Amino acid sequence: MVIIMESKEELHSNLVSWLRSYQFKNDASDMQMASILDMSPSQYKKLINGYTKHIDVYLIYRLYRLTGSLFFEMINDFPE
């Protein structure tokens, strides 16, 4: 089995794309998404715009509780 690690930038980009898709499907504003994810609106903007270097484990937990999606589903990194 070969494991290919994506770069941090790719993982972040995939997660942001997933978040934006979820946000669009649910017709939620940035402020609503920030509230749902227990973040300040400025933290959410930084996350979406790529100004954060790390993604908090609590954020992944909140996303899972909200959507039922596992992390590898959020970043489109499906195991074979």
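How many salt bridges does the count come to? The count comes to 2 salt bridges, a salt bridge being a side-chain nitrogen of Lys or Arg within 4 Å of a carboxyl oxygen of Asp or Glu. The model shown in these views is predicted, so local features need pLDDT of at least 70 and side-chain atom pairs count only at pLDDT 80 or more, whereas totals for chains, interfaces and linings use all residues. Residues are numbered from 1 along each chain as its sequence is written, and side-chain values use heavy atoms, with hydrogens and water left out.

**View 1. The protein chain has 5 helices and 0 strands.** Helices (H or I, at least four residues) and strands (E, at least two) are DSSP runs, numbered from the N terminus, and along the sequence the pattern reads α-α-α-α-α. Of the 80 residues, 29% count as buried, where buried means under 20% relative accessible area, exposed over 50%, and partly exposed in between (1.4 Å probe, protein chains only). The protein chain exposes about 6000 Å², of which carbon and sulfur atoms supply 55%; accessible areas come from the Shrake-Rupley method with a 1.4 Å probe, and for residues only the protein chains shown count as cover. Among contacts (heavy atoms within 4.5 Å) with a separation of 6 or more, 53% are between residues 24 or more positions apart.

**View 2. R20, D30 and K45 are linked in a network of salt bridges.** Side chains of opposite charge can pair when their charged atoms come close. The side chains of R20 and D30 meet at 2.8 Å, N to O; because R20 lies in helix 1 (residues 8-25) and D30 in helix 2 (residues 30-36), this pair ties together parts that are 10 residues apart in sequence. The side chains of K45 and D30 meet at 2.9 Å, N to O, and this pair links distant parts of the chain, with K45 in helix 3 (residues 41-48) and D30 in helix 2, 15 residues apart. D30 is buried, with a relative accessible area of 19%, whereas R20 is partly exposed at 33% and K45 is partly exposed at 42%.

**View 3. Helix 1 has 18 residues and carries a set of buried residues.** From its first C-alpha to its last, helix 1 reaches 26 Å, close to the 26 Å expected at 1.5 Å a residue, the expected span being 1.5 Å times one less than the number of residues. The buried residues of helix 1 are H12, N14, L15, V16, W18, L19, Y22 and Q23, and they pack against helix 2, helix 3, helix 4 (57-67) and helix 5 (71-74).

**View 4. W18 and Y22 form a stacked aromatic pair.** A search of the whole structure finds 2 aromatic pairs, where rings of Phe, Tyr and Trp (its six-membered ring) pair if their centres lie within 6.5 Å, and planes under 30 degrees apart count as stacked, over 60 as edge-to-face and the rest as tilted. The rings of W18 and Y22 lie 6.0 Å apart, centre to centre, with 15° between the planes. Both residues are buried, and, being 4 residues apart in helix 1, W18 and Y22 are separated by about one helical turn.

**View 5. D27 and D38 each have a positive phi.** D27, in the loop between helix 1 and helix 2, has a phi near 50°, a positive value in a residue other than glycine, and is exposed, with a relative accessible area of 68%. D38, in the loop between helix 2 and helix 3, has a positive phi of about 60° although it is not a glycine, and counts as exposed at 52% relative accessibility.
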